[in-house]
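Open the model in your viewer and keep the selection panel at hand. The stops below are meant to be taken in order.

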Amino acid sequence: MTAAVLSLEPGDAGYLSELAGFVAIPSVSRDAGPATMGEAAQWLAGQLDFAGGRVVPTAGHPVVRADWLGAPGAPTVLVYGHYDVQPTGDLAEWQTPPFELVVRDGVALGRGVSDDKGPVYMVLKTARAFMAQEGALPLNVKFLLEGEEEIGSPHLPGYLAQHAGELACDLVISADGAMWRPGEPSLALASKGLVTLDITVSGADTDLHSGRYGGTVANPLHALSQVLASLHHPDGRVAVAGFYDGIPPLSDERRAQIAKVPFDETGFLAAFGLREGPGEAGYSILERLWERPTLEVNGVAGGGKYTVIPHLAIANISCRLVPGQDPDAVAAAITDHVRAQDENLPGVRVQARVDDARVPAYTIPAGHPAIEAATAALEAVYPGAGVLHANIAGTLPATALFERELRAKTLFFSFSTSDENLHAPNEFLRIPRLREGMRAWETLWRQLAAGLGKGEEA
């Protein structure tokens with residue numbers, strides 16, 4: 001173990017004050033203007049002045065780039081994160097102003113403080129501490145911080161394809177990702193892929209009075225309900241032919257590993273006011289979360305409280321994919337399934353429109369040198385706690401892009417926690433994670449510089 005020797009600030013006040021300035025920028029990528037997004041990008045570039053931090057335009061929101069390459073012979077890592085945040089949602093549900101960092105009961109509240117401004121800030125402060133105290137970083141570090149992660153990174157593929165040479169690295173380390181739960185350090189070995197689509201059912205040319213026309217014309221909402229009901233068997237399995245193609249059986253060894261993870265299924269459901277949780281039969285809740293694909297209805301729209309038969313009904317669908325599934329094949333299977341339903345629904349037209357962005361599942365082997373180095377770093381920061389190898393049930397599109405364009409694996413190394421209201425009102429970050437994260441990043445970089453992960457490719 002390479003010893004950690006950096007001195008951190010004696011108190012949290014300075015860190016929190018500086019982070020507050022970053023959180024105060026309402027960098028909501030879905031609807032913020034160029035000036036606001038540019039301000040957030042410039043804030044990051046200023047923190048990276050030691051490495052030539054700069055704001056680089058893209059066809060959308062800019063990226064922030066920086067390079068410190070003063071360690072000949074050492075590995076080169078690319079640090080990834082994002083400065084954009086989710087919309088606030090209903091302001092009435094926030095206990096504090098969303099773009100004002102508020103400290104309360106050991107946590108810092110504010111939009112983006114956990115996803116992903118706080119975790120990115122930890123990396124920057126670690127790097128600046130190295131430069132201030134040792135005059136150098138222990139390895140070569142490139143930074144790529146984007147402003148569109150929360151809207152699916154639409155312009156990142158083009159940027160990576162155009163700049164793959166300058167971004168070449170031995171390993172990508174993502175400050176985005178989140179640990180599974182508090183009090184238990186964890187590393188993610190996988191994240192799920194994603195396919196999204198809309199199912200549209202259209203009927204008459206216009207909405208119709210439900211009294212004058214009820215019972216005489218097809219109701220798109222009724223038809224859509226039948227289509228949605230057809231997507232699953234009663235036992236929770238997805239009923240789309242071919243949906244599970246390519247998925248290897250869940251091994252007895254992996255099931256035994258998951259079974260050893262302390263997990264209270266009753267408590268998990270009770271936290272959401274539930275007593276039971278239907279799902280794919282034959283699998284525990286953790287197995288479903290980490291190892292099995294899903295098909296979920298995320299929204300249904302059509303008509304309203306007024307008494308009409310709507311002429312249009314739309315459902316939004318998302319599928320989280322696991323290793324072995326081909327996103328294009330899944331999209332085609334669902335399209336075929338929906339088309340088949342159209343034949344049995346007179347008076348309406350049923351169509352599936354699959355979104356262009358499709359992400360395969362991502363994995364990194366448990367024995368990868370980066371996992372070994374990260375495990376050692378977490379063990380140093382959380383002695384005696386044990387490091388859980390978990391999976392991310394969500395999707396991080398950049399991982400597939402890095403593997404394709406840079407031929408590099410991604411290590412998830414975030415110090416937010418999945419329960420910190422990411423994407424929801426009252427997002428927060430546990431304040432002790434600031435120092436824990438900085439110390440862990442320091443230790444990880446020293447470990448990697450000593451040789452772990454050097455030259456490793458996907």
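This is a predicted model: local features need pLDDT of at least 70, side-chain atom pairs count only at pLDDT 80 or more; totals for chains, interfaces and linings use all residues.

**Stop 1: a loop residue.** Select Gln86, in the loop that runs between strand E3 (76–82) and strand E4 (102–104). Is Gln86 buried or exposed? Its relative accessibility is 15%, and buried means under 20%, so Gln86 counts as buried. Now show the side chain of Glu150 as well: a polar contact of 3.0 Å links it to the side chain of Gln86.

**Stop 2: helix H4.** Select residues 156–163 and colour Leu156, Tyr159 and Leu160, the buried residues of this helix. Look down the axis: the three lie on the same side of H4, because they cover an arc of only 95° around it. What do they pack against? Display strand E1 (54–56), strand E2 (63–68), E3, strand E6 (140–146) and helix H11 (398–405), which are their packing partners.

**Stop 3: the cores.** Select Ile173, Phe413, Leu434 and Trp445, the residues with the most contacts inside the largest nonpolar core, which has 73 residues. Helix H3 (residues 117–134) supplies the largest share of this core, eight residues. Zoom in on Leu434: beyond its neighbours within four places in sequence, Leu434 is in contact with Tyr15, Leu16, Leu19, Tyr121, Met122 and Leu429. Finally, select Val195, Tyr244, Ala331 and Val350, which are among the 30 residues of another core, apart from the largest one.

Key
Residues are numbered from 1 along each chain as its sequence is written. Side-chain values use heavy atoms; hydrogens and water are left out. Helices (H or I, at least four residues) and strands (E, at least two) are DSSP runs, numbered from the N terminus. Buried means under 20% relative accessible area, exposed over 50%, partly exposed in between (1.4 Å probe, protein chains only). A polar contact is a pair of N or O atoms within 3.5 Å; within protein, one must be able to donate a hydrogen and the other to accept it, and residues adjacent in sequence count only if both atoms are side-chain atoms. The arc is that of the directions from the helix axis to the C-beta atoms. Contact means heavy atoms within 4.5 Å. A nonpolar core is a set of buried Ala, Val, Leu, Ile, Met, Phe, Trp, Tyr and Cys residues joined through side-chain atoms within 4.5 Å.
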